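Here are some notes to read alongside the model.

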Amino acid sequence: MKYLKNFAERMQKNKKLQRANELIQRYGLLVALLTLVSGIAVAGNQGAEFDTIYQMVRGWLEGTLGKVLAMGAFGIGMAVGIVKQSLMALAIGIGFAVVLAYAPSIIDAIFTFSL
């Protein structure tokens, strides 16, 4: 509590800190709200120039490359699990494979969500 009193006293003496505190109190909430609203307004409906690369990467992940990566993660997890005699490596391999299989759909659902 003593520290807070000292901080308040120093702040009252320092005019620059006092001015900054006034600006934050006056405009801080407004800036935060405008930042939030502007982020919501453009989320998910901008960036048409990136559609081709997004579709290409999504095609890779949902196609043969994604299956190969998922099977590789599963195989490596199984091999490491056998060597270490631990199921944790196998669980990580399975988790990676599941995330790789479902990530594109989940990401699409998040960015196309609307109320």
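1. Start with the contacts of R58. Leaving aside residues up to four places away in sequence, R58 touches P104, S105 and D108. R58 itself sits in helix α3, which covers residues 51-62. Keep in mind throughout that this is a predicted model.

2. Is R58 buried or exposed? R58 counts as buried because its relative accessibility is 17%, and the cut-off for buried is under 20%.

3. Now look at the charged partners of R58. One is E62, whose side chain forms a salt bridge with that of R58, at 2.9 Å from N to O. Both residues belong to helix α3, and they are 4 residues apart, so about one helical turn separates them. E62 has a relative accessibility of 41%, and therefore counts as partly exposed.

4. The other partner to check is D108. The side chains of D108 and R58 also meet in a salt bridge, with an N to O distance of 1.6 Å. D108 is partly exposed, because its relative accessibility is 24%.

5. R58, E62 and D108 form a linked network of salt bridges. How many salt bridges does a search of the whole structure find? The search finds 2.

6. Helices α3 and α5 pack at an angle of about 145 degrees, and their axes are 8 Å apart. On the α3 side, the residues in contact are Y54, R58, L61 and E62. On the α5 side, they are L100, P104, S105 and D108. By class, this contact holds 4 nonpolar residues, 1 polar residue and 3 charged residues.

7. Next, take the contact of α5 with α4. Helix α4 spans residues 64-84, and helix α5 spans residues 87-111. The two pack at an angle of about 170 degrees, with axes 7 Å apart. So α4 runs roughly antiparallel to α5, because an angle over 145 degrees counts as roughly antiparallel.

8. Which residues of α4 and α5 meet? From α4 come G66, L69, A70, A73, F74, G77, M78, V80 and G81. From α5 come A89, L90, G93, I94, F96, A97 and L100. The residues of this contact divide into 12 nonpolar, 4 polar and no charged.

9. The phi angle of Q85 is near 55 degrees, which is a positive value in a residue other than glycine. Q85 has a relative accessibility of 74%, so Q85 counts as exposed.

10. Finally, consider the whole protein. Its secondary structure comes to 5 helices and 0 strands. Along the sequence, the pattern reads α-α-α-α-α. Of the 115 residues, 11% count as buried, and R58 is one of the buried residues. The accessible surface comes to about 9,800 Å², and carbon and sulfur atoms account for 71% of this surface.

11. One last point concerns contacts across the sequence. Take the contacts with a separation of 6 or more: 47% of them are between residues 24 or more positions apart.

Technical notes: Residues numbered from 1 in each chain as written. Predicted model: local features only at pLDDT ≥ 70, side-chain atom pairs only at ≥ 80, totals over all residues. Heavy atoms only, no water. Axes fitted to C-alpha atoms, helices over the stretch in contact; angles between N-to-C directions. Parallel < 35°, antiparallel > 145°, perpendicular 65-115°, else oblique. Contact = heavy atoms within 4.5 Å. Nonpolar A, V, L, I, M, F, W, Y, C, P; charged D, E, K, R; others polar. Buried < 20%, exposed > 50% of the residue type's maximum accessible area, 1.4 Å probe, protein only. Salt bridge = Lys/Arg side-chain N within 4 Å of Asp/Glu carboxyl O. Areas by Shrake-Rupley, 256 points an atom, 1.4 Å probe, with all protein chains shown as cover.
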